[in-house]
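This briefing is intended for a reader who is meeting the structure for the first time. Please keep the sequence and the model in view while reading the points below.

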Amino acid sequence: MQTGILSNVARASAIAAFAFGSLAGCGAQQQTAGSGSSTSPESKAKPSEPGTLAAATTPPSSGRPILDTHIHLYQVTKPGGVPWPPPKAKNLYRDILPAEYKDLAKKNGIVATGIVEANPTVEEAQRLLDLTKGDDYFKFMVPSLEIGSPQFAANLEKLAKDPRVVGIRGFLWSPKLTLDAKQIASLKELEKKGMTLDIISRGDLNPKDKVDALATAVPKLHVIIDHLGGAKGETPDPKWVEAMQKLAKHPNIYIKFSSFFDMFNPNASEDESWQSPPSLSAYKAHFDVLFKAFGEDRLIWGSNWPVVGQGGDIGKEIAIAEEYLQPLGNEVRDKVMYKNAQNFYRRH
């Protein structure tokens, strides 16, 4: 991972016309806390009026590359099954394997991806590493580990032997985020290895004040808050806005520009499908808050496939992202959809 996670993508046909240059995103400096970005939605032309997304399943017309930073793979039919998804999860409870994703992703301009593990066992993480071994399309892996467990250091050491493992996902299956001595020890071990932390913060799951304290306790740990930090509905909640602005003051916190359709999920879980709005206007207010707070260098796109299919589809999600970013220019667009992922998802 030290040499960058997309060293070979130049040969991908979807980006034949794209000028990579040195891909400076791999070694870019983090911006200072609270500094935002040199580019903001206010300093550029406003996005065009959103419309329907009839052509959403075609790749970006520019042919510019996309790196998907958030997918799940699993096999419910394997002996013993998997803890997630549960059988009651309509559409999700089936085998989700590399070939299906690659076919869909390539049709939508995605040139590479990373797996963020939804299941908590070391054995399942290793199985997925073995499943995708030798396939350069799957660039990195973020296993789920229990932070604070007595086995954390040993499990991390075992998985870290594979250079594709660049970090972990925490506080999803594990006990609540308390930042007790055991959890701090695990987080510092992760920090020492220069690895990353994916975390969900929405509702009662990992409250933002706890994430704020985590970022303070391990200031060199690169933390990414998945799925828009729990944004909900069309109009931002002032408390959410204040919390995201406070978190943005930590230069080690990034935001995953992902899983847009979750904003309109009326259910308490993702077991049932729902229909999310297809136009940018429904999402733009929350996007503006995040872009203004975190800037162009700390937003990182991801699909959350196959969960994205519960509220829409991956092509529509990409189209919404592209429409929002287009007025901000190609440089900003390429950072959010591609280059920032290189800077984040590596051993630091």
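K292 is a residue of helix α7. With a relative accessibility of 56%, K292 counts as exposed because this value is over the 50% cut-off. Its C-alpha lies 8.8 Å from that of Q245, although K292 and Q245 are 47 residues apart in sequence. The model in which these features are described is a predicted one.

**The protein as a whole**

- The protein has 348 residues, and 58% of them are buried.
- Its secondary structure consists of 9 helices and 8 strands.
- Among contacts with a separation of 6 or more, 82% are made by residues 24 or more positions apart.
- The accessible surface amounts to about 14,300 Å². Carbon and sulfur atoms hold 53% of that surface.

- Three strands form an open sheet in the order β1-β2-β3, and their pairing is parallel. At the edges stand β1 and β3 (138-142), each of which pairs on one side only. From one strand to the next, the twist averages 20°.
- Strand β2 covers residues 110-116 and is joined to β1 by 4 bridges in the parallel sense.
- Two places along this pairing can be named. D68 has T113 of β2 as its bridge partner, and I66 stands opposite I110, also in β2.
- Helix α1 packs on the sheet and touches β1, β2 and β3. The direction of α1 makes about 140° with that of β2.
- How far is β2 enclosed by the rest of the structure? Strand β2 is largely enclosed, because 7 of its 7 residues are buried.

**The cavity**

- The structure contains 1 cavity of 30 Å³ or more. The volume of the largest cavity is about 40 Å³.
- The residues that line the largest cavity are I115, L129, T132, F138, K139, F140, M141 and R164.
- Which strand gives the most to this lining? That strand is β3, which supplies 4 residues.

- K335 belongs to helix α9, which runs over residues 330-344.
- Is K335 buried or exposed? K335 is buried, because its relative accessible area of 16% falls under the 20% cut-off.
- Leaving aside residues up to four places away in sequence, K335 touches E296, D297, L299 and N340.

**Cis peptide bonds**

- The peptide bond leading from W84 to P85 is cis, and its omega is near 0°. P85 is placed in the loop between β1 (66-71) and α1 (98-107).
- W305 and P306 are also joined by a cis peptide bond, here with an omega of about 10°. The loop that holds P306 lies between β8 (299-302) and α8 (314-325).

**Positive phi angles in residues other than glycine**

- N206 is not a glycine, yet its phi is positive at about 55°. The position of N206 is in the loop between β5 (196-199) and α5 (208-217).
- N206 is buried, because its relative accessible area is 4% and the cut-off for buried is under 20%.
- S259 likewise has a positive phi, near 50°, and is a residue other than glycine. S259 is located in the loop between β7 (253-258) and α7 (284-294).
- What does the relative accessibility of S259 make this residue, buried or exposed? S259 counts as buried, because its value is 3% and buried means under 20%.

Conventions:
Residues are numbered from 1 along each chain as its sequence is written. This is a predicted model: local features need pLDDT of at least 70, side-chain atom pairs count only at pLDDT 80 or more; totals for chains, interfaces and linings use all residues. Side-chain values use heavy atoms; hydrogens and water are left out. Helices (H or I, at least four residues) and strands (E, at least two) are DSSP runs, numbered from the N terminus. Buried means under 20% relative accessible area, exposed over 50%, partly exposed in between (1.4 Å probe, protein chains only). Contact means heavy atoms within 4.5 Å. Accessible areas come from the Shrake-Rupley method with a 1.4 Å probe; for residues, only the protein chains shown count as cover. Two strands pair if DSSP finds at least two bridges between them. Axes are lines fitted to C-alpha atoms, for helices over the stretch in contact, and angles run from 0 to 180 degrees between N-to-C directions. On a 1 Å grid over the protein atoms alone, a cavity is a set of points where a 1.4 Å probe fits but cannot get out, and a pocket is an open set with protein on both sides within 12 Å along at least five of seven lines; lining residues have an atom within 4 Å of a point. Grid points are joined across faces, edges and corners, and a volume is the space filled by probe spheres set on the points.
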